[in-house]
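Biologist: I would like a close look at one part of this model, the place where the two chains meet. Please take me through that part step by step.

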Amino acid sequence: MTEYKILFTGPMGAGKTTAIGAVSETPPVITDVANTDPGHGKPRTTVGLDFGQLTLATGDRVRLFGTPGQVRFDFLWQILVRNALGLIVLCDNSRPDPLADLRVYLEGFAAELKELPCVIGVGRLPGHPAPGLEDYADELARHDLVLPVLDVDVRRRADVTLLIDTLLAQIEASLYGE
Amino acid sequence: MESERVEKSVLSPAVKVLAEREAARLLEEVSGLTAVVVATVDGFDIASAMREGDASRVAAMASSISAISGVVSQEAHLGRGKSVTIDTEAGFAIVHAVYRPDIDLVINLIADGNAILGQVAYQATQFAKTLAAA
């Protein structure tokens, strides 16, 4: 049995807490508090970490961690990414500049992304078609990265599972060689 | 996903002024204290008095510590979290929760080796009571 630790990150409101809650078999550990930032309409926001657990069909266990989205919590990003085998960056296409959001996390995790398998999940794409998935791929290419970019609705368990499965395929490829 | 209901309270300026004044007084009067930062639970500093450091970083860290300690106390059925002490080689930090009807706050006191833990802990509790009642 293998134990995987994977980390969800991405801007505030992209659905990291929701994604972990959608697939976790145990009640997720949530550290959300009242949001006082007038620039964000969300009532609550994660300031510590999210945590959930998932057992795969193979019996392997996945431990899911989520970071706070805001850059002022970047000290936690570095703590939470330790020993992670993969990273899922969730983006919210309804935000003013989703590609700029993506850059924040590509830069925040730049050192890790040289080695760490990663998948990008783009939410709220149906109502906000621009930028498209190819624009995300172009942005990644500007950072010398080639990563899967998926259209997801993190409220749906199947979509979150798809993100995790895609990441695990990447992790296995990097662990055992392609 | 939960409804995007916006119902934000705004901390009254009087509370901010009180927090600023008390933070400055504590830094001045309590031996060994090097920083006093009052923050919202989501990590924004609203008042601070510091000999060194960056209040906004301290505020974000205090809110994380407070939230994580909150889930620990919840998990163990110990009620709401009150305070966390981080004891270090060269001093200590105390993070104390402030429960107010409008906006919950977090106080962070950082002290060097000249400070007395019991004294600073007492001051943190008193400060929290003052801010809760203000």
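Modeller: What follows describes the contact between the two chains and then one of the partners. The model is predicted. At the interface, 25 residues of chain A are in contact with 21 residues of chain B. The two chains bury about 1900 Å² between them, and 64% of that area lies on carbon and sulfur atoms. On the side of chain A, the residues that lose the most area to chain B are A:Thr36, A:Arg72 and A:Phe75, which together make up 29% of what that side buries.

Next come the polar links. Chain A and chain B share one salt bridge. A salt bridge joins the side chains of A:Asp74 and B:Arg57, with 2.9 Å from N to O. Five residue pairs are in polar contact across the interface. In chain A, strand 2 (32–34) and helix 2 (74–80) each supply at least two residues of the side that touches chain B. Helix 2 of chain A gives the most to that side, with three residues. By type, the residues on this side of chain A are 11 nonpolar, eight polar and six charged.

Now for chain B as a whole. Chain B has three helices and five strands, and from the N terminus on its elements run α-β-β-α-β-β-β-α. Its C-alpha atoms fill a box of roughly 50 × 35 × 25 Å along the principal axes. Of the 134 residues of chain B, 45% count as buried. Among its contacts between residues at least 6 apart in sequence, 50% join residues at least 24 apart.

Notes:
Residues numbered from 1 in each chain as written. Chains lettered and ligands numbered in written order. Predicted model: local features only at pLDDT ≥ 70, side-chain atom pairs only at ≥ 80, totals over all residues. Heavy atoms only, no water. Contact = heavy atoms within 4.5 Å. Buried area = accessible area lost by both parts, 1.4 Å probe. Salt bridge = Lys/Arg side-chain N within 4 Å of Asp/Glu carboxyl O. Polar contact = N/O pair within 3.5 Å; in protein donor to acceptor, adjacent residues only side chain to side chain. Helix = DSSP H or I, 4+ residues; strand = E, 2+ residues; numbered from the N terminus. Nonpolar A, V, L, I, M, F, W, Y, C, P; charged D, E, K, R; others polar. Buried < 20%, exposed > 50% of the residue type's maximum accessible area, 1.4 Å probe, protein only.
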